[in-house]
Amino acid sequence: MAFDFGVFCKNTLDGEVVDHCFSAIFGLAQNADPSYLDWLMKAWAWTLAVAGLSLVIALILGVLMGTLRTIPPNSILNKSLVRLSTAWVELFRNIPILVQVFLWYHVIPAFVLPLKALPSYCLVSIALGFFTSARIAEQVRAGIQALPSGQASAAIALGFTTSQSYRFVILPMALRIVIPPLTSESMNLVKNSSVAFAVSVPELTLFAMQAQEETSRGVEIYLAVTLLYALTAFSVNRVMALIERRTRVPGFIVSNDASLAH
Amino acid sequence: MIELRNVSKWYGAFQVLTDCSTSIKKGEVVVICGPSGSGKSTLIKAINALEPFQSGEIIVDGISLGDPKTNLPKLRARVGMVFQHFELFPHLSVTENLTIAQIKVLGRSVDEAQAQGLRYLDRVGLIAQKDKFPGQLSGGQQQRVAIARALCMDPIVMLFDEPTSALDPEMVGEVLDVMVGLANDGMTMCCVTHEMGFARKVSNRVIFMDHGKIIEDCSKDDFFGDPDARSPRAKDFLSKILAH
Amino acid sequence: MIELRNVSKWYGAFQVLTDCSTSIKKGEVVVICGPSGSGKSTLIKAINALEPFQSGEIIVDGISLGDPKTNLPKLRARVGMVFQHFELFPHLSVTENLTIAQIKVLGRSVDEAQAQGLRYLDRVGLIAQKDKFPGQLSGGQQQRVAIARALCMDPIVMLFDEPTSALDPEMVGEVLDVMVGLANDGMTMCCVTHEMGFARKVSNRVIFMDHGKIIEDCSKDDFFGDPDARSPRAKDFLSKILAH
Amino acid sequence: MFSLDLGFYNWDLFTNYILKGLLFSIQLTVIATIGGILLGTVLALMRLSSRPFLVYPATFYINTIRSIPLVMVILWFFLLIPMLLGKPIGADLSATITFIAFEAAFFAEIVRAGIQSVPRGQSDAAKAMGMNYGQNMRLIVLPQAFRNMIPVFMTQTIILFQDTSLVYAIGAYDLLKGFEIAGKNFGRPIETYLLAAVAYFLICFSLSKLVRKIQAKVAIIR
Amino acid sequence: ASPTLDKMKSSGAVTMGVRESSIPMSYTTGDSRFDGYHVEVCRMILADIKSNLGLSTLRINYQPVTSQNRVPLVQNGTVDIECGTTTNNANRAKDVGFANTLYVEEVRIAVKANSGINSISQLAGKKVATTTGTTSVQLLRKHEKANGVNFDEVFGKDHADSFLLLESGRADAFVMDGSILAGNIANSKNPKDFKIVGEVLATEPIAIMVPRNDPEFKAAVNAAIAKIVANGSMPKLWDKWFLKPIPPKNAVVGLELSPATKNAWANLNDRPAEDYAKK
Ligand SMILES: Nc1ncnc2c1ncn2[C@@H]1O[C@H](COP(=O)(O)OP(=O)(O)OP(=O)(O)O)[C@@H](O)[C@H]1O
Ligand SMILES: Nc1ncnc2c1ncn2[C@@H]1O[C@H](COP(=O)(O)OP(=O)(O)OP(=O)(O)O)[C@@H](O)[C@H]1O
Ligand SMILES: [Mg+2]
Ligand SMILES: [Mg+2]
């Protein structure tokens, strides 16, 4: 079969070839009709936006919930926090992401009316963020539990309070240890962002499905979209590797068994 | 200085400590020994309020650990503790390991904390390593830093939990030397160890535990000098440990 | 029986073994000691062809390990090896641990293998534990099973890599007793250990290593009896290890 | 304010619309798990071998599959398999092949980690007793590795069950689809999405409880 | 020789592509049963072909298809005859064949009955829902360009989702084929809340898809269609599916027979959508 990447230089209105492939985005041709390449780039930007916002949500909540799961249950407050975080993790990791996206988009706003005013981009990011936070919480918890228990004892023995020992001793090491699994969770997040198309975020997968319908050039379209996804995931991987190098502790060897879930 | 009265502790149905009572006076050096799993670590951790216990009472410097009004972190800061596996904080440099608790817990200024930290680092003979990270030190060096870290808090008593048993044999000596020095300077010490040479040399008293009970609690001379007055379990243990 | 000629080994650019030559005769008991990281484990593993080496020659019972025609599994089956961390197979019962290699490697019948296994299990004093799993035994018991397991293969030589250093002090004795018994029965043994008491009692020769080199290779009496004839590094090491 | 109306929901609707989807999801999960483990073990052994011509293709396959969204993989296979086979296949078969191929990449990494989780001393000990590579793997390493892996296998299977909901992209009839169609035909989409969430949660949650039980059972005492 | 007819003869079975929720054209009534206007027409066509082939039985396998995969499935032969809601256009005609049109779709606008919207011109700046992977998306884009208006487009992943957008107030209008709009309204909780308004935005022939490289099969289908039209079944079918209560909810779609469709019956043809647009 022959590839025809000329499809990306076609006008999205009538399928005619346009002069400049990047006509609309770079303003090369004023008022020109956008090409499929323009559309692809815009779709990529949406993918990045969804993945970016959900990553922020997921990291904040994931670290918080993962930490709460490990705190010593020695007071009523602590006990209820542990329970809350356990429930959080169980709830958000046992429902498929697609169903969660529908829940946030269709079901919950039906009961909580103000949520309807939020753009679908925000809702889907919440859904993805919460879903991923449950997984990140598990990684963080495992990271904390992978530390020798003596570390916490040593901190407490020096007179640190529980929160001080988390802040100065446990989390700095645990977060370093979980960088490899966090890397794969972040890459998963990029991949999972493809479900956003189901609720009308015009990102790469929506582009792929619509453009392949309009142009009948499925292979080329899917190839381009797949490459962009892989490129995005790879960049995330590189950034995390950089962070890992920057935060490496001299002389400390992490025995990491990379995360297995996806 | 430290007083234990009928301390008992259970893990579920399993009793780890049974009615343990003893006391440690200022300036005393007490060695705790006994077979693996006999509750030595649990007992010493209980003194530092790292392990809760269900009945009995532990009083450190006049303050009861069981009292809900006791500010445990503050009390712990005054009791130095050294662990089998050193437990230096791997992401902090040696100097930071020495100063962080002084700054965050005792509220000392950074300068003050560093001066104190380097003084004790010098004392354990490692001033040259002050900017390294724990992972870059040998086990013996790490343990000496850990001792210096505990000393920086100006503790009223030092607790040691098998401080030499995770070390290569070559390095045992350098750590024991530091501990002997401390004992000779009059530091109150309570030390779980199987180094009977150390016990013979500096201890005032030896406590022998088995199955969570304190079986022997007598002066060093009685313990080593008069084996026939000892319980069979202690005698057996001593013979095994001194055989080779 | 075992002959090492100028054995050298590198990990990348890092040289772990430098020109090591020695030989072990039938019935000899050789103790290898030296500081941590000096290459003792690597050397002993090389003798059993568990670690490849880049230059030099090792000949076991007349067969060169470097020869591509050598059937290494078969050769290894005739050399017994005991590891620091026991390495019993945790998913197999004690009896299965003792018999599996006899059956699968030597092709013995199950009955024959069991008879042999139980004989040696009895010899190390653990016949009562035959149906337990390794995880249910103490460290000392596990190490004794590991020795029995190696003996079951009727080895021509036994290699030990720090067999007591992962044990609680109480349990060191029971393992050393088994080893002394073996030595007295005339087994050829090569043993990495820091138990100088054992070395003094049963060894014929002591090899001291540092930085991948064999620095001392002399009779027990020379090694312990004549410290001044020793190299400074060995003297220093000995003084540290015997100090406490 | 929206009011829930679950009145339309009854046994008939379950057997008519949802049962079929549930069965397909389960069937897809089971087949993909078994196929994925078999293919994944081969890939893992390839990756762990010392021969470059085995290592590189396996590594490339695993890394590629793992960096593409599952939806895209599903669409790709749907598009490409007929071209490669030269003959058409249906959505269900396509989904099955896709999931086996996709899961194999993940199971391969699990198996690899499982083999590496067995301490090196274990295979040293086996070698020292004269076992060859095959005996070592079969008698010593794999029995321990697989026991260590069982919980991760099961967790992965739960994830797989959740992922089956993505086959909507090619129109296969899975559990979620069953709910959706019921919702559409009865004009109750919001209620059915909620029911779908509850159904998935109950299934996955009880499975993960089961995993924890099994985890405790199969753990090797060390 | 016709590969499709040969296959039917040898296997005694045929695969019909159907939609799952295109009420009333083609949809499932649960438990792998499918029905609808186009499905029933197809069954009549296949019955005719069966008797022509002299087969005693012809098993019909139903293969649900989606907007995204229906063309590839017919192209690669998974589906022998697709009886859904596929627009016959020139682009697709390169990949598949179309039988003579039996239904002419008019793209309309559905809005909430109380919204006061009556024409597409009132939609400027409003949220307009449409379904991913349909020609309506492109149609809306063209309309924006031609009339200089700007819609805020939202996409449902299928028609029911798009309708849900309208129902839940996330969209002010749903632009889609009239039959789909009518079907979704009829099946909604409160059909009276919605209405179909405005001008016909586009007229498109909806046709049964067959493999492209099998003219003999296409001829057989068209012959059957001619027979069905000639014996007067079509008005009855229309009545049954568009004006009477239909399963599963026994709702009435309520879409009157349009002149365009009537015309298509009278002059059977397979002209693509482009020809309709030119008129
Ligand atoms: N978290 C726990 N849950 C249940 N049992 C425990 C726990 N921690 C310790 N134990 C048990 O309590 C007993 C005493 O343990 P402890 O660590 O105090 O012994 P020890 O004398 O210090 O032994 P060792 O010489 O091995 O350090 C042991 O039998 C141990 O198995
Ligand atoms: N796989 C490896 N890759 C790189 N270096 C290694 C490897 N294994 C061992 N080494 C290095 O080789 C040197 C010798 O190691 P070896 O284990 O033989 O020492 P050892 O004398 O047995 O020490 P110990 O008393 O700690 O067991 C050490 O410096 C070690 O760091
Ligand atoms: Mg202890
Ligand atoms: Mg070694």
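C:Arg5 is partly exposed, and its relative accessible area is 38%. C:Glu57 belongs to strand β4 (residues 55-60) and C:Arg5 to strand β1 (residues 2-11), so the pair ties together parts that are 52 residues apart in sequence. C:Glu57 is partly exposed as well, with a relative accessible area of 31%.

Stay in chain C and move to C:Glu162. What is the phi of C:Glu162 near? The value is near 45°, which is positive in a residue other than glycine. To find the place by eye, look for the loop of chain C between β7 (157-161) and α6 (169-184). Is C:Glu162 buried or exposed? C:Glu162 is buried, with a relative accessible area of 14%.

Next, go to chain B and select B:Ala49. This residue is not a glycine, yet B:Ala49 has a positive phi of about 60°. The loop that holds B:Ala49 runs between α1 (40-47) and β4 (55-60) of chain B. B:Ala49 counts as buried because its relative accessibility is 13%, and the cut-off for buried is under 20%.

Still in chain B, select B:Asp221, B:Asp222, B:Asp226 and B:Asp228 together. These residues gather on the surface in a patch of negative charge. Within that group, pick out B:Asp226, which is found in the loop between α8 (220-225) and α9 (232-242) of chain B. B:Asp226 is partly exposed, at a relative accessible area of 36%.

The next stop is chain D. Show helix α1 (residues 11-48) of chain D, where D:Ile26 has its place. Then select D:Ile26 with D:Val30, D:Ile34 and D:Leu38. What kind of patch do they form on the surface? The patch is nonpolar, and its residues have about 370 Å² of accessible area together. D:Ile26 counts as partly exposed, at 38% relative accessibility.

Follow chain D on to helix α4 (residues 91-117). Here D:Glu109 and D:Arg112 are three residues apart, which means that about one helical turn separates them. Draw the side chains of this pair to see a salt bridge, with 3.2 Å between the closest N and O atoms. The partners can be looked at one by one. D:Glu109 counts as buried at 14% relative accessibility, whereas D:Arg112 is partly exposed, with a relative accessible area of 21%.

Now select D:Val152, in helix α6 (residues 133-163) of chain D. D:Val152 counts as partly exposed, at 25% relative accessibility. The residues are 45 apart along the chain, and their C-alpha atoms are separated by 9.2 Å.

For a stop that involves chains A and D, select A:Arg69, A:Glu90, A:Arg93, A:Glu138, A:Arg141 and D:Arg212. A network of salt bridges links these residues. How many salt bridges does the structure hold over all chains? The total is 49.

Finish the walk in chain E. Select E:Ile23 and E:Pro24 and look at the peptide bond that joins them. Is this bond cis or trans? The bond from E:Ile23 to E:Pro24 is cis, and its omega is near 0°. E:Pro24 is found in the loop of chain E between β2 (21-22) and β3 (26-30).

Then move along chain E to E:Asp239 and E:Lys244. Their side chains meet in a salt bridge, at 2.8 Å from N to O. E:Asp239 counts as partly exposed at 29% relative accessibility, and E:Lys244 also counts as partly exposed, at 42%.

Chain E averages a pLDDT of 87, and 99% of its residues score at least 70. Where pLDDT is low, the predicted coordinates should not be read in detail. The scores for the model are ipTM 0.84 and pTM 0.86.

Terms used:
Residues numbered from 1 in each chain as written. Chains lettered and ligands numbered in written order. Predicted model: local features only at pLDDT ≥ 70, side-chain atom pairs only at ≥ 80, totals over all residues. Heavy atoms only, no water. Patch = residues over 30% accessible without salt bridge, like charges linked within 9 Å, V, L, I, M, F, W, Y side chains within 5 Å. Areas by Shrake-Rupley, 256 points an atom, 1.4 Å probe, with all protein chains shown as cover. Salt bridge = Lys/Arg side-chain N within 4 Å of Asp/Glu carboxyl O. Lys, Arg positive; Asp, Glu negative; His and termini not counted. Charge placed at Lys NZ, Arg CZ, Asp CG, Glu CD. Helix = DSSP H or I, 4+ residues; strand = E, 2+ residues; numbered from the N terminus. Buried < 20%, exposed > 50% of the residue type's maximum accessible area, 1.4 Å probe, protein only. pLDDT = per-residue confidence, 0-100.
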